[in-house]
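Subject: Structure handover

Hello,

Here is the structure for you to look at. Please open it alongside this message.

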Amino acid sequence: MTTIYEKRRAAVARALKAAGGGIALLPTAPEVARNRDSDFAYRHDSYFYYLTGFSEPGAWLAIEASGKSTLFCRPKDLEREIWDGIRLGPKAAPAALGVDAAFSAEALEEKMPALLTNQNAVWFPFATHAGLETQVDSWLAKVRARIRFGAECPQSQHDLCKLLDEMRLVKDTHEIAILRRAGKISAGAHVRAMQTSAAMLRSGTRGGLREYHLEAELLHEFRRHGSQYPAYTSIVAAGANACVLHYRAGDAELKPGELCLIDAGCELDGYASDITRTFPADGKFTPAQRTLYDIVLAAQDAAVKVTKPGKRFMDPHDAATRVLAQGMLDTGLLDKKKHGKVDDVLGSGAYRQFYMHRTGHWMGMDVHDCGDYTEPGSKPREEKDALGQTVMRKPSRILRPGMVTTIEPGIYVRPGKGVPKEFWNIGIRIEDDALVTAKGCELMTRGVPVDADEIEALMRG
């Protein structure tokens, strides 16, 4: 597995050389205290892990345009290892990680100025690690202090994120395999939650069925299959709570006749998954729920069809929004007399009353993964915004094989004047993870059904 990270570091070195040389510096994430004598579960920095596969805290990586890579990591410490676990240590790091040299993190202040000396540029991630710019400046000051002795100080600083974002945007076969496994585990967790919901309501569980009951089922299934963490805090939203986009699983009771929206995915070996399903808590859609559900599913289908190479990132959103807007007119959520036809609704942005987010985002090591959403090198062009104002925008990113995006249209109906009451407090979102392939896209999370009839059948079982 080391060769994967060696190849990535070599790609960084080539990019540095092509840019005129220099050195790239990258720390991993710090440990974060939760409260007294207790830390949050440690999670590495995604950029750092992408280039090393190393998940210990307190580490740094330096890559030179020559191809040389240097790691700084925590030294071996038998006493601390009794409490915190075995450390790799700098002596073992070159063989284990394929780096050219490794030193104790305690030597960082001594060694880093020497690594920076005679480099014409320094690259590091901007605005991602608090205090990093100040730390780099302190090392550069030490280099500059030795100019009269013949040392040369880097003359420019560059954002390493820009370079790494482009690398991470297109997934390799190793990454795709992990993403597929993460999607499969998460789909199984959603199946378990759906079936548990129906079974607990049928059995009349004492104390009622609560959102946290289903969250527990998700976490159990994630961990049971080897996932290290949830990719994000799970959303389990009963009834009207589904109209709160970033709701968190609480203690609200799930009741027969209401919908439940679950947005949850696991993280596996550093890679995320992201699934949303909306289902009737007792296993049977009401007519009003089914009407809106089928509109959202049709919107997702329309988005899936245009998620393919050559299309742009915003094309799935535009396709989904058109279906949703037409559905809003057909159901009376939007008054045709007031809002006109579908093109009028799209032009005015009136649909945003019930659909206020974008249809997708990049996904990978981070659930909202890195990467530009506009096409590199493109020029801004005039467009009309929702208020009819002229704005300058770059065209959105052209989709290419290996990119991974979510596809997640929804409808969220809060009570309001002129809104048909049968739809009040219904929130629906359907989300899958789509790998762009040579001819279209692969939905990696369809191990859990989306068709309403199939959901009802699953919950009957």
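Below is what was found in it, from the whole chain down to single residues.

This is a predicted model: local features need pLDDT of at least 70, side-chain atom pairs count only at pLDDT 80 or more, and totals for chains, interfaces and linings use all residues. Residues are numbered from 1 along each chain as its sequence is written, and side-chain values use heavy atoms, with hydrogens and water left out.

The whole chain

The C-alpha trace spans about 80 × 55 × 40 Å along its principal axes. The chain holds 14 helices and 23 strands. Both are DSSP runs, numbered from the N terminus: helices are H or I with at least four residues, strands are E with at least two. Of the 461 residues, 52% count as buried. Buried means under 20% relative accessible area, exposed over 50%, and partly exposed in between (1.4 Å probe, protein chains only). The chain exposes about 21300 Å², and carbon and sulfur atoms supply 52% of that area. Accessible areas come from the Shrake-Rupley method with a 1.4 Å probe; for residues, only the protein chains shown count as cover. Take the contacts with a separation of 6 or more: residues 24 or more positions apart account for 70% of them. A contact means heavy atoms within 4.5 Å.

The cavity

Rolling a probe the size of a water molecule over the atoms shows where empty space is left. A search of the whole structure finds one cavity of 30 Å³ or more. A cavity is a set of points, on a 1 Å grid over the protein atoms alone, where a 1.4 Å probe fits but cannot get out; lining residues have an atom within 4 Å of a point. The largest cavity holds about 70 Å³ of space. Volume here is the space filled by probe spheres set on the points, and grid points are joined across faces, edges and corners. Helix α11 (314-331) and strand β19 (404-407) each supply at least two residues of its lining. Among the lining residues are F313, H317, R358, L399 and I407. By class, the lining has five nonpolar, five polar and one charged residues. Asp, Glu, Lys and Arg count as charged; Ala, Val, Leu, Ile, Met, Phe, Trp, Tyr, Cys and Pro as nonpolar; the others, Gly among them, as polar.

Strands

In a regular strand the side chains alternate between the two faces of the sheet. In β7 (residues 121-124), A121 and W123 point one way, V122 and F124 the other, and all are buried. β7 pairs in the parallel sense with β1 (residues 23-27) over two bridges, and with β8 (residues 156-159) over four. Two strands pair if DSSP finds at least two bridges between them. I23 stands opposite V122, and A121 has S156 as its bridge partner in β8.

β20 (residues 410-413) is joined to β21 (residues 426-429) by four bridges, and the two run antiparallel. I411 stands opposite I428.

Single residues

A264 lies in β13 (residues 259-264). A264 is buried, with a relative accessible area of 0%. Beyond residues up to four places away in sequence, A264 touches several others, including H190, Y232 and D274.

Most residues other than glycine have a negative phi. A127 has a positive phi of about 55°. A127 sits in the loop between β7 and α6 (132-144) and is exposed, at 73% relative accessible area. D269 has a positive phi of about 50°. D269 is partly exposed, at 29%.

Best wishes

Notes
1 Å grid on protein atoms, 1.4 Å probe; cavity = no way out; pocket = protein on both sides within 12 Å on 5 of 7 lines; lining within 4 Å.
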